[in-house]
Amino acid sequence: LTEPRLQSVYNSFVRSSPSCRALAPSSFAHEAALLIKRCSPSATKTAGGAVDMRNHWALIPEFLWAIRHSYKLEQEFFATPLNYDLELNTYHSAHTRDVLFGATYVAYSAKFSGCIYMNPEYTPCKLNKLLSWAISASLASSPFCAIAVFPKWKNEKYMSMLSHPNV
């Protein structure tokens, strides 16, 4: 946990909106400990199931920097307070308590707008769901640009969706 990230997470916690009060937050130290625990291997996700850290990949910083600046990214989907891009103002998480640290919960309820970056869990089910959702959103009248990094796994359903004209 770098000092700039810790400072950002702390600042977001201090500024958390009154709507977060329903979560009955404790101290920053306690909530940060819970955050680290829920992002650790085998932790349980809000929606059920265990976190598998093998499914959380990261781009090398130089590559992400090039994407962010070339496409003017505005939002990140499927991030946590521990890994969201500090240069973006908006990130969406799969954990309800991440709103205490500035996240929006749940990524699938957010509307695509502007240019976004998505880094979901790398499981066939999650990748299929994300690509289907993005294709469906692309058929709406509001234009957007989505950058998503997918592994090239042969024989997975999402591989055939990559040939959709809006992808």
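Against which elements do the buried residues of α4 pack? They pack against β1 (75–77), β4 (114–118), β5 (144–148) and α5 (157–161). The structure is a predicted model, in which local features need pLDDT of at least 70, side-chain atom pairs count only at pLDDT 80 or more, and totals for chains, interfaces and linings use all residues. Residues are numbered from 1 along each chain as its sequence is written, and side-chain values use heavy atoms, with hydrogens and water left out.

The chain averages a pLDDT of 86, where pLDDT is the predictor's confidence in each residue, from 0 to 100. A score of at least 70 is reached by 90% of the residues. Among the elements, α1 has the highest mean pLDDT (93) and strand β3 (residues 104–105) the lowest (88). Where pLDDT is low, the predicted coordinates should not be read in detail.

The chain has five helices and five strands. Helices (H or I, at least four residues) and strands (E, at least two) are DSSP runs, numbered from the N terminus. Their order from the N terminus is α-α-α-β-β-β-β-α-β-α. Of the 167 residues, 39% are buried. Buried means under 20% relative accessible area, exposed over 50%, and partly exposed in between (1.4 Å probe, protein chains only). Contacts are heavy atoms within 4.5 Å. Of the contacts with a separation of 6 or more, 59% join residues 24 or more positions apart. The accessible surface comes to about 9,500 Å², and carbon and sulfur atoms hold 59% of that area. Accessible areas come from the Shrake-Rupley method with a 1.4 Å probe; for residues, only the protein chains shown count as cover.

Helix α4 covers residues 124–138. Its end C-alpha atoms are 21 Å apart, in agreement with the 21 Å that 15 residues should span at 1.5 Å a residue. The expected span is 1.5 Å times one less than the number of residues. The buried residues of α4 are Leu 127, Asn 128, Leu 130, Leu 131, Trp 133, Ala 134 and Ile 135. Asn 128 has a relative accessible area of 16%. Leaving out residues up to four places away in sequence, Asn 128 touches Lys 157, Tyr 158 and Met 161.

The structure holds four salt bridges. A salt bridge is a side-chain nitrogen of Lys or Arg within 4 Å of a carboxyl oxygen of Asp or Glu. One of them joins the side chains of Glu 31 and Arg 97 (2.8 Å, N to O). Glu 31 lies in helix α2 (residues 28–38) and Arg 97 in the loop between β2 (90–93) and β3, so this pair ties together parts 66 residues apart in sequence. Glu 31 is buried, at 1% relative accessible area.

Arg 68, Asp 85 and Glu 87 are linked in a network of salt bridges. The closest N and O atoms of Arg 68 and Asp 85 are 2.2 Å apart. Arg 68 is in helix α3 (residues 61–71) and Asp 85 in the loop between β1 and β2, 17 residues apart. Both Arg 68 and Asp 85 are buried. For Glu 87 and Arg 68, the closest N and O atoms are 3.1 Å apart. Glu 87 lies in the loop between β1 and β2, so its pairing with Arg 68 in α3 ties together parts 19 residues apart in sequence. Arg 68 has a relative accessible area of 10%, whereas Glu 87 is partly exposed at 49%.
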